[in-house]
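Colleague: I have a model of two chains to go through. Can we take it in short questions and answers?

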Amino acid sequence: MSVLRPLDKLPGLNTATVLLVGADDALLQRLADSMLKTDCASELRVHLARSLPLPSNVNRPRVDLLVFVINLHSKYSLQSVEKSLHHVDASFFLGKACFLATGAGRENLCSVHRNTIVRLARTYRSPVLFCDLEVEGSRAAMAQRLARMLQISAGHVPGVSAMSLLSLLRSSESPSLEDL
Amino acid sequence: MPPDCGAPSSKRTKKITKHMSVNQQSLDPDSTTDVEVVTDTEEELIKECEEMWKEMEECQNKLSLIGTETLTDSNAQISLLIMQVKCLTAELSQWQKETPEIAPLNDDVLVTLGKEEFQKLQHDLEMVLSTIQSKNEKLKEDLKREQQWLDEQQQIMESLNVLHSELKNQVVTFSESRIFTELKTKLLNVKKYKKKLLITLGEFLEDHFPLPDGSVKKKKKSIQESTAQLITLHEILETLINRLFDVPHDPYVKISDSFWPPYIELLLRNGIALRHPEDPTQIRLEAFHQ
């Protein structure tokens, strides 16, 4: 069982790769299409995976940004993401990983509470983004955001490193009782 | 530490060489010295890129020697926090040590860089312009709407003011003594009216319903031998009225001999008085006030 490492290969020239991990194939595909449509200075590559670990026989570029996509309407997507988290090297969480929760708008269909995701993101000290991947506008905006984050974590933006972005994205929240 | 700065500058040098090769084609092909200068700059840039790439490969080799570490939910927070502290301090010291490298400053490089910057600036400014224009439009619409609302509210206020002033004129200032005086005058008026009514009633009754004294025929006189003094119709009515208001639950008056029977018949027949349902010798006044 191989663990996904952030800096295992040399980067491609002017390319940045993002790996979307999530149980819902349709949503991932749509997000990938939106991301490829954004106009970005660097060349973007989007890889999709249902869960980690990835099969080791495929030759793939190094992953610059890891996005865990959780659909709040299904508990199974949360469980598969939680299982995949154990196959990720710890240094990914220094700004190269983030959580994306979709479907928070429709409360009656949510089986996972958004606080669960917030707590999960806090455990792994990574940013969590909320959007609705089914809505065109929200998806396009999120794709632009992810493209920008990808550029930064691939090092294409001079002066901003993944770690500094992480510090900037930290939401100012008072520590909950469990953290104290 | 990952050489993140390596990637952008390599990207930029690639771009610059691309632009420079375009410029090269527009140059005069006869002036060989210019071409040499340009090729020199290009070679210089490519050499720099190669050096940076070699550095990156060295770093990569060092990195591959570091082992992997996975996290569990329980130790994730603390170990990540420690790692993040180390990473940030290392980055900080790197920033403090490092002096910024400048790309070789010749005219071509500067011109290309300048053009790039200006194009970016233009694009950003265009975006800002369009955003501000749309914001402006929205603000104008909001202003119009608020203005309309304000006008309506002002109209409402004007009409309310008019109403208020009208009502104010109707309101008389409250004064206890004045009300008292008013009530007294009312009472006096009512009393006067009552007196007038009684006087008029008395006069009317005297004129039209006198007591029988000389007008009765001699024949009937023997039959109508009354021992008591007859009282006037006015007095009968007075007795009835007083009895009705003094003892409302028993307003019956016994028919005494001082009542002249034809007058009693008159009162009964016209509905002014009523007999007692069980006792024919008692009559009462009809309660006209109820």
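Colleague: How many salt bridges does the rule find across the interface of chain A and chain B?

Modeller: This is a predicted model; local features need pLDDT of at least 70, side-chain atom pairs count only at pLDDT 80 or more, and totals for chains, interfaces and linings use all residues. Residues are numbered from 1 along each chain as its sequence is written, chains are lettered from A and ligands numbered from 1 in the order written, and side-chain values use heavy atoms, without hydrogens and water. A salt bridge needs a side-chain nitrogen of Lys or Arg within 4 Å of a carboxyl oxygen of Asp or Glu. Across the interface of chain A and chain B, the count is zero.

Colleague: How many residue pairs are in polar contact across that interface?

Modeller: A polar contact is a pair of N or O atoms within 3.5 Å; within protein, one must be able to donate a hydrogen and the other to accept it, and residues adjacent in sequence count only if both atoms are side-chain atoms. With both residues at pLDDT 80 or more, the pairs between chain A and chain B number eleven.

Colleague: Which helix gives the largest share of the side of chain A that touches chain B?

Modeller: Helices are DSSP runs of H or I, at least four residues, numbered from the N terminus. H3 (114-123) and H5 (162-169) of chain A each supply at least two residues of that side. The largest share is four residues, and it comes from H5(A).

Colleague: What area is buried between chain A and chain B?

Modeller: Buried area is the accessible area (1.4 Å probe) that two parts lose on being put together, summed over both. Carbon and sulfur atoms give 63% of it here. The total is about 2800 Å².

Colleague: Is A:Ile117 buried or exposed?

Modeller: A:Ile117 sits in helix H3 of chain A. Contact means heavy atoms within 4.5 Å. Leaving aside neighbours within four places in sequence, A:Ile117 contacts A:Ile70, A:Leu72, A:Leu78, A:Ala101, A:Val112 and A:Val128. Buried means under 20% relative accessible area, exposed over 50%, partly exposed in between (1.4 Å probe, protein chains only), so with a relative accessible area of 0%, A:Ile117 is buried.

Colleague: Which backbone oxygen does the side chain of B:Thr112 reach?

Modeller: B:Thr112 lies in helix H4 (residues 107-170) of chain B. At 5% relative accessibility, B:Thr112 counts as buried. At 2.4 Å, its side chain reaches the backbone oxygen of B:Asp108.
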